[in-house]
Amino acid sequence: MEARVCVSVDTECDKEAAWNVRHPLSCSNVRHGIERVLRQTVDAWGVKYTFLLSGEVASDGEAVEAVCGVDGCEIGAHLHGEFVEPDADPQCCRTSRPQCSYSAHLEREKLATLTREIEKATGVRPRSFRAGRFGYSVHTFGFLHELGYVVDSSITPFWRQQFGPEVVRDHWGVGCEPFFIVGADGSGRGVVEIPVTIGIPGLLWMPRRLMEIGRKNRTMRRLLKKFVRGDARVLWLRPVRSSVKDMIGLMEAVLEWWKGPEPVTLNMMFHSNELMPGMSPYCQTEEDVEQFGRDLGSVFEWCLANGVKFGTLSDAAQALNSGALRKVRPQELCQTSR
Ligand SMILES: [Zn+2]
């Protein structure tokens, strides 16, 4: 079976170890990470990165030059509304506000501005997207379609996030296979979803129908958890957060239990900030950054040895027959489980 791995990088301004934004605003982590870590992986293994640019990066000439200089990469978009007009707040301490907290009108305006600014800066209209803090709204996917996007990657299977007292994103039981998010009105005006590859290896054998029930019903969820075969941990295809052994174990399990006729599509994620010491909660020293690079190399080597090809998010979407994908309404993704 055809298999592909995307490596999608949230590309953001310089931040501190607690994720606070550094002022004055700078984006030195972007060039640093590419030069210290990523370029050699492109040269050695032919990795194809998807850089999802936050608004402030699009207005930093050096950072734009650095990402555009990476062979075979794709430039996509990543919304942190603090850095995008209207109502931008570039002096913010943190980029904590999810786009689901904006009015629909303001969210659409910010997405339109971000798209325009990235196109102006790079000469390429972005086609792939990830919401800042994965905080998409029920409207996001329709807006993305209108703006010419073909792929979203804001879904984090098995991850639960609470944005304020009311808004919960609970992705327990969502598979890591791509699906098609239709418009909020049920129309085909949506985008292909390529979730971040996150899963419980010991539950990947479970039929999708049962997982769907467990997704909506917590009693069923507790019951399904009793049928874990082996590893019951939630693993991410994400360096530092998961060890090399766990990332490879997860990929092996996903390859073994892939559901549906479409090509296996894996999606590793991390932030540009993780590739420079002290710019994220992850790598604090140059040695940490080197270890990060070695971990990436081990995973990429495994991919090549096991016939998993590298591709951007758009490449992966193009290889899928979007008409054959499972259709999901955005309301279902935004629903809280009972
Ligand atoms: Zn982000």
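Predicted model: local features only at pLDDT ≥ 70, side-chain atom pairs only at ≥ 80, totals over all residues.

Tutor: A residue is called buried if 20 or more other C-beta atoms lie within 10 Å of its own, exposed if 12 or fewer, and partly exposed in between. Phe134 is buried, because 20 other C-beta atoms lie within 10 Å. The phi angle of Phe134 is near 60 degrees, a positive value in a residue other than glycine. Such a value deserves attention because most residues other than glycine have a negative phi.

Val240 is found in the loop between β11 (235-236) and α8. Val240 has 16 C-beta neighbours inside 10 Å and therefore counts as partly exposed.

The bond from His23 to Pro24 is cis, with omega near -5 degrees, and Pro24 is found in the loop between β1 (3-11) and α1 (28-45). Glu85 and Pro86 are likewise joined by a cis peptide bond, with omega about -5 degrees. Pro86 has its place in the loop between β3 (74-79) and α4 (104-122).

Asp10 counts as buried because it has 23 C-beta neighbours inside 10 Å. Between Asp10 and Gly135 there are 125 residues of separation in sequence, and their C-alpha atoms are 14 Å apart in space. When neighbours within four places in sequence are left aside, Asp10 is in contact with Leu52, His78, Arg130, His271 and Ser272.

The next matter is the nonpolar interior. In soluble globular proteins, nonpolar side chains tend to be buried together. The largest nonpolar core here has 83 residues, and those that touch the most other members are Phe51, Leu53, Val67, Val151, Val254 and Leu266. Helix α9 gives this core its largest share, 6 residues. Leu266 touches Val5, Cys6, Thr197, Leu237, Met251, Val254 and Val308, with residues up to four places away in sequence not counted.

Two packed helices are described by the angle between their axes and the distance between the axes. The axes of α8 (residues 244-257) and α9 (residues 286-305) come within 10 Å and cross at roughly 25 degrees, so α8 is roughly parallel to α9. The crossing in which α8 passes α9 is right-handed. On the α8 side the contact is made by Val244, Met247 and Ile248, and on the α9 side by Asp295, Ser298, Val299 and Trp302. By class, these residues are 5 nonpolar, 1 polar and 1 charged.

Helices α6 (residues 208-216) and α7 (residues 218-225) pack with their axes 5 Å apart, at an angle of about 130 degrees. This angle makes α6 oblique to α7, and the crossing of α6 and α7 is left-handed. Leu210, Ile213 and Gly214 of α6 meet Met220, Arg221 and Leu224 of α7 in the contact. That contact of α6 with α7 has 4 nonpolar, 1 polar and 1 charged residues.

Methods
Residues numbered from 1 in each chain as written. Axes fitted to C-alpha atoms, helices over the stretch in contact; angles between N-to-C directions. Helix = DSSP H or I, 4+ residues; strand = E, 2+ residues; numbered from the N terminus. Parallel < 35°, antiparallel > 145°, perpendicular 65-115°, else oblique. Left-handed = near helix turned anticlockwise from the far one by under 90°. Contact = placed C-beta atoms within 7 Å. Nonpolar A, V, L, I, M, F, W, Y, C, P; charged D, E, K, R; others polar. Core = buried A, V, L, I, M, F, W, Y, C linked by C-beta atoms within 7 Å.
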